[in-house]
Amino acid sequence: MHFEGIYTPVITPFKADYSIDYDAYASHVQFLLESGVHGLMIGGTTGEYYVESHEERVELLKIARQVCGNKLQIIFGTGSIDPDASIKLAEAAVKHEADVILVATPPYSLPTQQELAQHALRIDRAANLPIMLYNYPDRMGVNMEAEFFDRVAESSNFCGIKESSGDINRLHMLISDRSNIQVACGMDDQALEFFAWGAKSWVCAGSNFLPKEHIALYNACVLENDFAKGRRIMAAMMPLMSVLEQGGKFIQSVKHGVTLDGRFAGEVRKPLLGLSEQEKTAMAEVVQELKQNIADIVSEAK
């Protein structure tokens with residue numbers, strides 16, 4: 001399994017009563033398919049999986065596969081505070097034709113590296129699919145360390161990692177010491193650094209509403225090896241990265257970006273609350289300027 005390109009962690013549109021608008025979701029998946037992204041992540045953090053039932057999460061996978069057919073790689077999240085729930089999600093991934101499963105640390109329990117490895121290997125045995133690990137210690141409380149990687153190396157299914165720690169030293173370690181695991185950028189404001197160190201994939205929430213702009217950075221850095229152009233595109237993106245990564249309302253901002261782009265994104269489920277009008281206005285200004293700046297950079301290069 002190769003991970004290359006832009007992977008969108010798909011939002012879940014909720015109606016005013018907080019039920020899922022599956023029609024809006026299917027339309028959004030169709031948009032992403034047509035936009036040229038290279039894969040979808042269903043049931044990730046951006047999709048608010050942690051406030052969704054097992055049945056809802058599986059239905060989202062089923063719809064994504066129905067819409068995309070075999071045209072896009074689909075990664076299905078198995079994250080849960082309950083390890084047994086993760087096993088059931090892994091089994092559903094097989095049944096409903098996910099290409100890859102996403103395996104994260106169970107939050108709150110703070111497992112040791114041995115315990116975390118045993119958890120990951122149980123999920124692996126339940127699915128026997130390619131696995132992208134998800135390292136996000138700010139949300140999960142634990143880093144995936146050397147002992148963990150040594151223990152899961154018994155299975156070749158562990159072939160990728162979405163690295164979202166924000167610690168650039170982790171990137172250096174993974175690229176240098178874990179050549180069997182493909183590294184995907186999971187921290188949006190470090191995408192340029194990941195590409196410079198040889199990563200070929202980026203799981204980026206902003207591609208829910210700016211797919212062409214995110215693809216432009218991937219193309220410049222990975223396909224064209226033009227890091228001068230890449231730096232210009234990344235510089236144009238940085239105001240958005242500040243909003244998404246440092247504003248404290250990551251998912252709300254992504255959903256509003258989808259709304260600005262003309263599709264229904266709906267509410268966020270509790271405990272999250274939506275953006276204020278001031279925040280919406282600031283977001284709209286950032287997006288408008290970003291789109292114009294990157295359009296200018298891309299057109300200059302033609």
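## Cysteines

C68 is buried, having a relative accessible area of 2%, where buried means under 20% relative accessible area, exposed over 50% and partly exposed in between, with a 1.4 Å probe and protein chains only. This is a predicted model, in which local features need pLDDT of at least 70 and side-chain atom pairs count only at pLDDT 80 or more, while totals for chains, interfaces and linings use all residues. Residues are numbered from 1 along each chain as its sequence is written, and side-chain values use heavy atoms, with hydrogens and water left out.

No disulfides (pairs of cysteine sulfur atoms within 2.5 Å) turn up in a search of the whole structure. The cysteine sulfur closest to that of C68 belongs to C204 and lies 16 Å away, which is too far for a bond. C204 counts as buried because its relative accessibility is 0%, and its own closest cysteine sulfur, in C185 at 8.0 Å, is also too far for a bond.

S164 sits in the loop that runs between strand 6 (158–163) and helix 7 (168–177); helices (H or I, at least four residues) and strands (E, at least two) are DSSP runs numbered from the N terminus. With 0% relative accessibility, S164 counts as buried.

Apart from neighbours within four places in sequence, S164 is in contact (heavy atoms within 4.5 Å) with Y134, N135, Y136, G186 and M187. For G186, the side chain of S164 reaches the backbone oxygen at 3.0 Å.

## The whole chain

The protein chain holds twelve helices and eight strands, and 55% of its 302 residues count as buried.

Note on methods:
A polar contact is a pair of N or O atoms within 3.5 Å; within protein, one must be able to donate a hydrogen and the other to accept it, and residues adjacent in sequence count only if both atoms are side-chain atoms.
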